[in-house]
Amino acid sequence: MSIDIECSSSSSNDMTEKRTLSDVDKQHGKETNKDEDEKENVTPQPIDLDYLLANELGQFGWFQLRNVLLLALLTLFGGTSSEYIFSAAATPHRCRIPECSEGEKLHEFNPQWINNAIPETSSGFASCERYAPVGTNGSLDYCPANLFDQSNTVACEGFVYANNNTVVYEFDLGCNEWLRAFAGTIQSLGTLLALPITGFISDRFGRRIALVISIVSQGLFGFIRAFSVSYTMYLILQIVQTTFGSGAFSSAFILATELVGPKYRVITGVTLTSMFTLGEVLLGGTAWLIPPWRYVIMVTTIPCFFFVVYYWIITESVRWLLSTKKYTEAKKILHTIARVNKTQISEKSLEVILNPSQLTITKSNADSLGLVRTIIRSPILLRRICTTPLWWMTMTFVYYGLSINSTSLSDTMHLNYMLTSFVSIPGFYSSAFFSNTIGRKFTVAVGFFISAACNISFVFIPRDFAILRLIVYLLGKFFISSVASTLYIYTSELYPTEYRHTFLGFSSMIGRIGSIFAPLTPALMIYYHGLPSLLFGGMGVVAGLLVLTQPETLGCNMPDTLAEAEAIGKPESKIKTTRLST
């Protein structure tokens with residue numbers, strides 16, 4: 001799944017000026033006395049979209065439900081975009097033996113004479129070397145040992161594959177394990193490039209435009225990739241597809257969460273993320289039922305073209321319309337929401353939100369002092385900036401690494417992948433509960449530590465205990481999924497408003513390094529079968545310890561200034577309920 005979203009886009013209306021009902025009353029010429037003016041100055045009632053959703057339009061009515069269901073359907077198919085896990089999956093192979101009349105890439109993979117020609121290993125027989133030939137008169141049915149010098153081995157000159165369902169067979173990649181795994185790195189690199197591109201389109205032309213362009217690009221370039229005639233063409237189209245198509249999830253995420261009230265925003269986000277994960281489960285089932293890699297790509301990309309109609313049936317984000325001063329269209333949508341939800345919106349509230357007052361916006365400390373200088377002057381902020389990107393990098397490395405490596409757990413690679421993907425869903429929802437009970441800090445730290453323990457212990461469980469290995473592996477994915485879901489809000493709460501988008505985006509961008517290197521981890525099994533799991537565990541322990549160096553944010557006010565951010569964890573940062581004297 002795509003963990004990262006365009007942080008700047010998701011809150012693009014944060015700088016939209018807010019007015020109060022008293023402001024409107026003043027414009028209408030209503031007189032107020034001096035005491036009332038003073039009270040209004042102390043306790044103004046802000047009117048913004050969240051206020052309208054919570055008090056007039058409805059936070060999650062039939063309008064929002066229809067919108068979320070439509071976007072959830074699109075997100076489901078967006079989750080199938082990682083088909084490289086199967087199309088470029090590791091394919092069992094061995095040396096081709098011309099002395100035994102083998103001239104093609106597809107022969108019986110394990111003939112009776114195989115040990116005469118290829119040395120044995122702990123996992124069966126060698127994949128990249130064979131015994132040196134001394135004769136040439138063998139056949140496919142009979143190939144005696146005297147045709148080979150079993151005291152001398154040579155590298156393969158050609159390969160025989162166990163199946164013909166992957167690009168490994170199609171383009172004869174054989175022992176080029178790092179080149180095969182590079183398909184996953186290309187996928188993650190394209191996702192990284194998609195962040196600024198989709199963010200620009202979303203902020204400049206609207207969320208709906210960004211959504212449609214992304215999903216159509218995913219379908220178009222993916223469909224063309226199904227007809228690749230070389231591995232180079234396959235990789236080029238892979239990065240083009242993800243660069244212009246992987247923004248579909250983030251666009252849908254933003255559209256869904258921006259139109260629901262604050263009370264339902266977290267659960268809506270978790271639901272969209274879970275639908276993306278269900279798409280990964282759907283991908284595993286599709287690849288299981290339709291093994292040829294070209295057909296898998298076609299089946300998962302053709303449905304993307306039908307989502308063009310979303311341009312006409314999905315409503316543009318009201319928040320984006322307000323932030324870009326498209327008030328006429330925003331007013332029309334607000335009335336539609338009220339009509340569908342069977343609620344009412346007052347004309348006074350409409351006037352407030354559609355005619356924002358021109359307030360003077362003061363420059364932040366970041367502008368006056370300079371961002372780098374401000375960071376250097378604040379040791380607390382500096383430590384957080386050095387810490388949070390490492391959390392994100394570890395999370396993406398372990399999360400994607402476990403999904404990718406799940407295909408090598410046993411012979412049932414498709415089922416393993418489906419289970420590993422599905423277990424993320426309860427992880428997402430459980431984190432929403434625990435982060436609001438035991439706190440964000442301990443949810444993230446415990447998630448890192450338990451996931452690390454599962455990954456390290458997995459290395460030492462004998463292969464004969466297949467069920468135990470699978471359970472421990474799935475537990476590791478469950479807890480890193482809970483980390484992924486909580487990390488976004490925890491990171492947001494550690495930074496003050498004036499720096500929040502900058503450093504949340506920075507952490508997310510650095511985090512993509514983990515997802516770029518995660519697809520390469522299966523190649524490490526060449527050196528030691530447990531090396532990927534040990535890496536996941538080691539990085540998880542380090543990240544968990546780094547989490548313990550930061551304060552808990554549950555129950556604290558969202559910091560607006562640097563001073564408030566530095567005070568997180570202290571008594572003065574706690575949320576307090578106050579009453580105004582009359």
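Which residues of helix α4 (residues 49-57) are buried? They are Leu-49, Tyr-51, Leu-52, Leu-53, Glu-56 and Leu-57, where buried means under 20% relative accessible area, exposed over 50% and partly exposed in between (1.4 Å probe, protein chains only). The views below come from a predicted model, in which local features need pLDDT of at least 70 and side-chain atom pairs count only at pLDDT 80 or more, while totals for chains, interfaces and linings use all residues. Residues are numbered from 1 along each chain as its sequence is written, and side-chain values use heavy atoms, with hydrogens and water left out.

**View 1. The whole protein.** The secondary structure comes to 28 helices and eight strands; helices (H or I, at least four residues) and strands (E, at least two) are DSSP runs, numbered from the N terminus. Of the 582 residues in the protein, 54% are buried. Contact means heavy atoms within 4.5 Å. Among contacts with a separation of 6 or more, 78% are between residues 24 or more positions apart.

**View 2. The end of α4, and Val-68 in α5.** Gly-58 follows α4 and has a positive phi, near 105°. Val-68 lies in helix α5 (residues 62-78). Val-68 counts as buried because its relative accessible area is 7%. Not counting residues up to four places away in sequence, Val-68 touches Phe-60, Ala-256, Val-260, Thr-268 and Leu-272.

View 3. Helix α10 (residues 207-225) has 19 residues and spans 27 Å from its first C-alpha to its last, close to the 27 Å expected at 1.5 Å a residue; the expected span is 1.5 Å times one less than the number of residues. Its buried residues include Arg-207, Arg-208, Val-212, Ile-215, Gln-218 and Arg-225. Val-308 is in the loop between α14 and α15 (310-313), and is partly exposed at 32% relative accessibility. Leaving aside neighbours within four places in sequence, Val-308 contacts Val-212 and Val-216. The C-alpha atoms of Val-308 and Ile-215, 93 residues apart along the chain, are separated by 8.1 Å.

**View 4. Two nonpolar cores.** A nonpolar core is a set of buried Ala, Val, Leu, Ile, Met, Phe, Trp, Tyr and Cys residues joined through side-chain atoms within 4.5 Å. The largest has 41 residues, and those with the most contacts inside it are Ile-97, Ile-118, Phe-148, Tyr-231 and Tyr-234. Helix α14 (residues 293-301) supplies the largest share of this core, four residues. Not counting residues up to four places away in sequence, Tyr-234 touches several residues, among them Glu-83, Tyr-84, Phe-171, Arg-225, Trp-293 and Ile-297. A second, separate core of 30 residues includes Trp-391, Val-444, Phe-448 and Phe-458.

**View 5. Helices α17 and α18.** Helix α17 (residues 327-340) packs against helix α18 (residues 347-354) at an angle of about 145°, with their axes 11 Å apart. Axes are lines fitted to C-alpha atoms, for helices over the stretch in contact, and angles run from 0 to 180 degrees between N-to-C directions. Tyr-327, Ala-330, Lys-331, Leu-334 and His-335 in α17 meet Glu-347, Leu-350, Ile-353 and Leu-354 in α18. These contact residues divide into six nonpolar, one polar and two charged, with Ala, Val, Leu, Ile, Met, Phe, Trp, Tyr, Cys and Pro counted as nonpolar, Asp, Glu, Lys and Arg as charged, and the others, Gly among them, as polar.

**View 6. Thr-388 in α21.** Thr-388 is in helix α21 (residues 379-405) and is buried, with a relative accessible area of 0%. Not counting residues up to four places away in sequence, Thr-388 touches Thr-491, Leu-494, Tyr-495 and Ser-507.
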